[in-house]
Amino acid sequence: MDEDRRSIETDSFPGDEGVEAVLDRIPDGVYEFDTELRNLVANEQVSELLGTERAGDEATGEALRSLFDGAHERALERRVPVTVEAYHSPTDTRLEARIAASRIGVTGTVRDVTERRARERRFERQRDRMEALNNVYTVMRAINDAIVTGSARDELERVTCETLADTSSYEFAFVAAIDSKTGDVIQRVEAGIEGYVESIPLSTDPNEPAGRGPAGRAIRTQQLQVSNDVFTDPDFEPWREDAYERGYQSAAAIPIVHSGGLYGVLGVTSAHRHAFTAEVREGIGQLGEILGHAIAALERKRALMGDELIELEYEIRNAVDIFDGPPMADQYVSFERVVQIDEERFLEYGVAAVEAFPNVEELTECVPHWEDVAVLDESAGEVTFELTITSPPMFSVVAAHGGYVESAAINGGDYTMTIHLPKSTDVRAVTEAIQSVYPKATNIARRQVRPSNESIAQIQDHLYGVLTERQRTVLETAYYAGFFNWPRNSSGEDVATTLEITPATFHEHLRSAQQKIVEAVFNEPDTTRGGSDRTE
């Protein structure tokens with residue numbers, strides 16, 4: 001070592017201690033190079049941080065020069081301190097150095113910042129998760145606002161995608177649908193990007209690479225699917241180049257579903273790895289359910305209010321035998337109306353001959369989703385009954401496609417059902433869904449029908465717009481349960497019990513609905529008269 005430098009450095013410290021002994025008392029790693037970045041003087045802490053031998057100063061010097069490559073030269077040239085951080089693989093640590101020009105060369109201070117950086121990353125991840133969750137709730141509010149304002153399906157999907165793409169958490173979003181005839185994935189709406197779905201390979205076939213990504217899996221399973229690192233996920237290989245070009249590292253596919261029906265898939269991407277944590281997945285997964293519920297309600301509204309509907313008739317031969325029910329060869333049971341109470345329960349109102357009703361009671365014990373049957377009225381040799389059904393597969397399929405059951409019957413042990421659906425419904429998809437539940441179900445008729453009375457249809461259109469969903473359910477249930485009959489077949493308390501609400505709540509909904517009906521009759525003359533310009 002240079003004798004002049006050693007003398008100068010030694011003279012800098014009082015007492016008999018050497019330079020290295022004094023430096024060893026400093027808690028951080030401290031070292032000094034000459035202007036040629038050689039002749040290292042370093043304390044023991046530097047060797048410990050680098051995992052080198054104290055006696056091997058040259059090895060320590062080489063490790064410092066390699067680790068903080070170029071930083072020493074910049075400090076010498078600019079004569080200003082330089083702070084640099086690097087990952088040191090031999091010790092699996094992150095080391096930070098503050099390097100400054102000195103009188104005889106360059107001085108550095110080194111410390112281990114691994115824990116500090118880990119805490120910062122944990123904080124950043126937590127912050128990102130909270131921000132992502134807040135953004136999800138922002139999207140939910142936007143969807144709810146669109147629902148309240150009566151937006152159409154396209155508008156609901158557009159609002160969802162645009163709100164997602166406008167947040168700081170996500171790059172772009174899209175909604176795609178599935179052509180039931182071809183199985184192709186087709187673009188519906190997108191935001192933050194143009195022509196994405198049309199430009200990339202997408203499939204629902206698990207045997208194809210393009211069908212094994214998040215979108216294909218989400219469509220097949222109707223469950224949220226994510227790729228939290230698209231560059232290492234082997235199933236994301238078909239879109240890896242696209243991810244490089246568009247700058248995203250995570251992707252999610254959210255199925256848009258309701259009651260077993262699939263309306264499409266919502267795709268969203270993020271520039272961050274591991275963007276879709278468990279908390280975020282739980283929140284963002286709800287978007288598909290909210291959209292699915294809203295779209296199903298819109299489709300059902302179109303079926304109820306449409307000028308033209310599709311009427312489908314299905315038959316299940318020997319349906320009673322499927323459930324090992326009682327013999328009903330010469331009996332007829334009519335189901336006149338189905339009212340959906342909530343996501344899980346339906347009420348079906350029917351009529352049977354007095355002698356046939358015991359078999360209806362016995363059949364209720366045989367059919368798994370028939371929960372209970374109650375007599376509402378018995379007169380003129382007939383029994384009017386109310387059947388409580390839990391998650392009925394057939395009705396769920398119809399409701400999921402925006403339709404409703406017009407009528408149904410058991411005739412000689414065979415079951416027939418007539419349903420009404422929006423004009424745009426994919427009939428093949430409905431039939432396949434029904435047959436997936438009941439393979440013996442056969443579509444025996446298809447018709448296009450129009451409301452028989454234009455004025456009544458217009459009143460129904462108007463009331464559907466002003467009554468809330470709960471008011472309609474209360475009104476329908478009360479009507480078919482015989483609440484308006486005289487004498488009544490069911491009291492207000494009976495209907496409230498069926499709906500699992502208090503009598504006060506039942507009467508509140510009923511009065512509100514009745515008031516709106518009266519207002520429609522007396523305050524909307526054009527509606528009740530079919531828009532006629534006639535004057536009295």
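Predicted model: local features only at pLDDT ≥ 70, side-chain atom pairs only at ≥ 80, totals over all residues.
User: Where does His 274 lie?

Analyst: His 274 sits in a loop.

User: How is the exposure of His 274 classed, and why?

Analyst: His 274 counts as partly exposed because its relative accessibility is 46%. Exposed would need over 50%.

User: Which value does phi of Asp 324 take, and where is Asp 324 found?

Analyst: Phi of Asp 324 is positive, near 55°, and this residue is not a glycine either. Asp 324 belongs to the loop between helix H12 (319-322) and strand E12 (332-340).

User: Is Asp 324 buried or exposed?

Analyst: Asp 324 has a relative accessible area of 66%, so it is exposed.

User: On to strands. Which way do E13 and E15 run, and how many bridges join them?

Analyst: Strand E13 (residues 345-353) and strand E15 (residues 382-390) run antiparallel, joined by 9 bridges. Within that pairing, Tyr 349 has Glu 386 of E15 as its bridge partner.

User: How many bridges pair E14 with E15?

Analyst: There are 8 bridges, again in the antiparallel sense, between E15 and strand E14 (residues 370-379). Here Glu 386 in E15 has Ala 374 opposite.

User: What do E14 and E15 form?

Analyst: E14 and E15 form a hairpin, with 2 residues between the strands. Ala 380, in the turn, has a positive phi of about 50°.

Key
Residues numbered from 1 in each chain as written. Heavy atoms only, no water. Helix = DSSP H or I, 4+ residues; strand = E, 2+ residues; numbered from the N terminus. Buried < 20%, exposed > 50% of the residue type's maximum accessible area, 1.4 Å probe, protein only. Pairing = 2+ DSSP bridges.
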